[in-house]
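This report describes a single protein chain from its sequence and coordinates.

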Amino acid sequence: MSIGALASFAAMLMQAAGPVPCTDDSYNDFDFWLGTWDVYTGDTLAGRNVITKEEGGCLIVEHWLNASGGTGQSYNFYDQGQETWRQVWVSAGILIDYQGGLDDEGRMVLEGTITSNANGETAPFRGQWSPLDDGTVQQTFWTYDSDTEEWNLWFDGNYRRAD
């Protein structure tokens, strides 16, 4: 398809789309996480995370760089049909796929699975993002141990806006 034909096709799709999508309030539930953040575990810098809203407000993209140089990315989106938020995280080491939404306290809570890219092993996984009064965001992750039937802390980080 030529560039001219592609541009015409894109224009036709935009006209046919009607009202601007992704403008319902639910698409803004995770906006408290947008920005450039330095992430700390205690007093130790764990890495930097850049969170942007893209695709006309339909997608939140995460770009993570840890203090050791490791990277990862996630796509976060509100699934209007399911009335739930979804996140798919991919890095060289792991894949996380989970869903959920805001709880009664305004925290984003997602639950699903974490999978090792090295051996394919999976485990139940839970994440929580809590906007705090001081403008930071607390991010906490847990994995489920089926042997002990307990959720174990996997990561606990505090997001502070980068200068």
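## Overall fold

Helices (H or I, at least four residues) and strands (E, at least two) are DSSP runs, numbered from the N terminus. Along the principal axes, the C-alpha atoms fill a box of roughly 55 × 40 × 35 Å.

This is a predicted model, in which local features need pLDDT of at least 70 and side-chain atom pairs count only at pLDDT 80 or more, while totals for chains, interfaces and linings use all residues. Residues are numbered from 1 along each chain as its sequence is written, and side-chain values use heavy atoms, with hydrogens and water left out.

## Surface and charge

The accessible surface (Shrake-Rupley method, 1.4 Å probe; for residues, only the protein chains shown count as cover) comes to about 9700 Å², and 51% of it belongs to carbon and sulfur atoms. Of the 163 residues, 33% are buried. Buried means under 20% relative accessible area, exposed over 50%, and partly exposed in between (1.4 Å probe, protein chains only).

There are 7 positive and 25 negative side chains, and the centres of the two sets lie 6 Å apart. Lys and Arg count as positive and Asp and Glu as negative; His and the chain ends are not counted. Each charge is placed at NZ of Lys, CZ of Arg, CG of Asp or CD of Glu.

## The disulfide

A search of the whole structure finds one disulfide (a pair of cysteine sulfur atoms within 2.5 Å). The bond joins Cys 22 to Cys 58, with an S to S distance of 1.8 Å. Cys 22 lies in the loop between helix 1 (3–17) and strand 1 (35–41), and Cys 58 in the loop between strand 2 (44–54) and strand 3 (59–66), 36 residues apart.

The torsion about the S-S bond is about 100 degrees, so the disulfide is right-handed. Cys 22 counts as buried because its relative accessibility is 15%, whereas Cys 58, at 23%, is partly exposed.

The largest nonpolar core has 26 residues, of which Phe 30, Trp 33 and Trp 129 touch the most other members. Such a core is a set of buried Ala, Val, Leu, Ile, Met, Phe, Trp, Tyr and Cys residues joined through side-chain atoms within 4.5 Å. Not counting residues up to four places away in sequence, Trp 129 has contacts (heavy atoms within 4.5 Å) that include Phe 30, Trp 33, Arg 107 and Phe 141.

Val 39 is in strand 1 and is buried, with a relative accessible area of 0%. Val 39 and Asn 158 are 119 residues apart in sequence, but their C-alpha atoms are 5.5 Å apart.
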